Amino acid sequence: MTLHYVESGSGPAVVLLHAFPLDSLLWSAQRKALGAAGYAAITPDLPGFGGSPLLPAQPGLDGFADEVVHLLDHLTVTQAAVAGLSMGGYVALNLLRRYPERVAALALVDTKVSADPPAASANRLEMADRLDSGWPSQELARAMLPGLLGETTRSNNPDLVGQVTRWIAAQDRRAVSYAQRAMAARLDSGELLAAYQGPVLVIRGVEDTLSTPADAAAMIGGDPAGPRELAEIPLSGHLSAVENPAAVTEALLAWLGEHAPKAQ
Ligand code: MLT
């Protein structure tokens, strides 16, 4: 399979991996801005989401990371800076675990390195069962929005609330269920990230309740092997890339400029 993707610009490759249960439209603003700034900004739809086909295999994040690597092969990209928002961050960490030679730098956005505690993975499996038995995506959107969008967005930006609702409702329920099962089974990546020697940028919306300040601190680490930076995004919850796109773009561009400089 080749994942459906959109690419803007040319230069050092930057892969932007989207959150759950959404698709690559989440990163449109950053893709365009990075493309205009001299990067090849690549936004894939993870398997089953957006325009990408579902994976036939047993649910697992390995399959998602494998397909991202197939896409890099298809694009003849040997190494890329990888940015992942929430579920996209889990996929980025899986890439680092299994294909470290492909990861030039890591931006971890509104995400975490920990595995699910038992109650959280049980909730995911329960939601997956509900989706498999026909729970409508509209209901899913209603259930998820309060966690995905910050207080400021929910109070002041009804257009974005509507947009995100439509994006969720447009996803294939089978993909959403698959991803829940895959995330429920993910490994803890704390030691993996602590040992990583490359540059790490942690981005967090200050109103994010799903990825907490403690999650961000765990990714920065006490004595990290490589250089780490934290960018806090004001007026934003979990979906910082769309809640405050300019601030996320600025943080990515400043970091990439230092760690993935463009060819002169
Ligand atoms: C996401 O935004 O991708 C989800 O919040 C990830 C998760 O459910 O852990």
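Residues are numbered from 1 along each chain as its sequence is written, and side-chain values use heavy atoms, with hydrogens and water left out. Since this is a prediction, local features need pLDDT of at least 70 and side-chain atom pairs count only at pLDDT 80 or more, while totals for chains, interfaces and linings use all residues.

Helices (H or I, at least four residues) and strands (E, at least two) are DSSP runs, numbered from the N terminus. Strand β6 covers residues 200–205 and strand β7 covers residues 228–233; they pair in the parallel sense over six bridges. Two strands count as paired if DSSP finds at least two bridges between them. Within this pair, Val202 stands opposite Leu230 in β7. Together with helix α10 (residues 213–220), β6 and β7 make a right-handed β-α-β unit. Right-handed means that, with the strands pointing away from the viewer, the path from the first strand over the helix to the second runs clockwise.

Next come the loops. In the one between β2 (13–17) and α1 (28–36) lies Pro21, which is joined to Phe20 by a cis peptide bond with omega of about -10°. Thr76, in the loop between α2 (61–74) and β4 (80–85), is not a glycine but has a positive phi of about 50°. Leu235, in the loop between β7 and α11 (240–243), is not a glycine either and has a positive phi of about 55°. Are these residues buried or exposed? Thr76 is exposed, with a relative accessible area of 71%, and Leu235 is exposed at 52%. Buried means under 20% relative accessible area, exposed over 50%, and partly exposed in between (1.4 Å probe, protein chains only).

Last, the pockets. On a 1 Å grid over the protein atoms alone, a pocket is an open set of points where a 1.4 Å probe fits, with protein on both sides within 12 Å along at least five of seven lines; lining residues have an atom within 4 Å of a point. The largest pocket is lined by 24 residues, of which Phe20, Arg124, Met144, Gln180 and Leu210 lie nearest its centre. α3 (87–98), α4 (118–132), α5 (137–148) and α8 (173–184) are the elements that give two or more residues to this lining. The largest share, six residues, comes from α4.

The second largest pocket is lined by 15 residues, with Leu61, Asp62, Asn94, Arg186 and Leu187 nearest its centre. Here α3 gives the largest share, five residues.
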